[in-house]
Amino acid sequence: MNIGIRLHDTAGANLAEHLSAARAQGFTCVHLALGKLIPGFSMAKAPELLTDELAAQVKAELERNGQTCVLLGCYLNLCSPDMADHEKTVEIYKAHLRFAKKIGALLVGTETGAPNTTYSTCPECYTEEALQLFIDRVTPVVRYAEEVGQLFAIEPVIRHIVSTPKRCERVLKAVNSPNLKVILDAVNLLSEDNVHDAKAIILDGVQRLGKDVSLLHMKDFVPYAEERGQQLRATVDNTDTFSNLVSCACGMGDMDYAPLCALAKERDIPMTLENTNPGNAVAAREHLEKIGAKL
């Protein structure tokens, strides 16, 4: 399996050091979030900062360390009601699509936003109107991806507009583009309210979206309400409390990875680890490799 890592979770003070650390820990691909890797990089100024010179430098560092970029992150809100802000956001996405092409990245990826200026979960996220708004807003970005020959991927998250595999499936059908793909992060489909159905929800995601999944984000979860969840949050670096779940490194919680690893092996889909730190990243990778070896 092709297992990589969210690069800013590795040790280092700059891009070169982070890539060297990823290579040393046995990873073969990376998720780049430039604002967390390049000192002084501002997402707001991305259209002017994502130059040919920077692309050449990033590509050279990737090649020097034997890494491929499977995801160039651009996690901005496409559904803000502030149209001036929205127009700037679209230009940032376009700049990332051009830059991704130059560095040989597989995907530019995004989550799916909220219909407000604060990117906050609200009841309106789950409405039909919000879903149609996202479809209307993402379609021009995907058409631009088609123009530049780059893949664009959306990541369903339970607290955002595209909150379920079914809603994601509807977006794929509505936009109808070979350049629109899916990042499947199974933990992001779960919450305290539905975690008892985790296996069924994950299988639904694999069945509905599997043919369009181009990247798997891999992490684990423990319910925060349980004592072990609170202990984990208190004692382990780089955990997140997400929808009353503690998301953590693979192998530390309750996730059943078999359907995800099977999908990865069947379609040769890369995966990148999340919520790791330099002390547990190798163990998380090895945990997935052991599961994959049994399939």
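Helices here are DSSP runs of H or I with at least four residues, and strands are E runs of at least two, numbered from the N terminus.

**Figure 1. The whole chain, as a predicted model.** By that count, the chain carries 10 helices and 11 strands. Its C-alpha trace spans about 45 × 45 × 35 Å along the principal axes. A compact globule of 295 residues would have a radius of gyration near 19 Å, and the chain comes in at 18 Å, so the two agree.

Figure 2. Start with the inside: 56% of the 295 residues count as buried. Take the contacts between residues at least 6 apart in sequence, and 78% of them join residues at least 24 apart.

**Figure 3. Helix 9 and its neighbours.** Helix 9 covers residues 258-267, and its buried residues are Pro259, Leu260, Cys261, Leu263 and Ala264. An α-helix makes a turn every 3.6 residues, so residues three or four places apart point the same way. What do the buried residues of helix 9 pack against? Two helices take part, helix 7 (198-209) and helix 10 (281-294). The strands involved are strand 6 (180-185), strand 7 (213-218) and strand 11 (271-273).

Definitions and conventions
Residues numbered from 1 in each chain as written. Predicted model: local features only at pLDDT ≥ 70, side-chain atom pairs only at ≥ 80, totals over all residues. Heavy atoms only, no water. Rg over C-alpha atoms; globule rule 2.2 N^0.38 Å. Buried < 20%, exposed > 50% of the residue type's maximum accessible area, 1.4 Å probe, protein only. Contact = heavy atoms within 4.5 Å.
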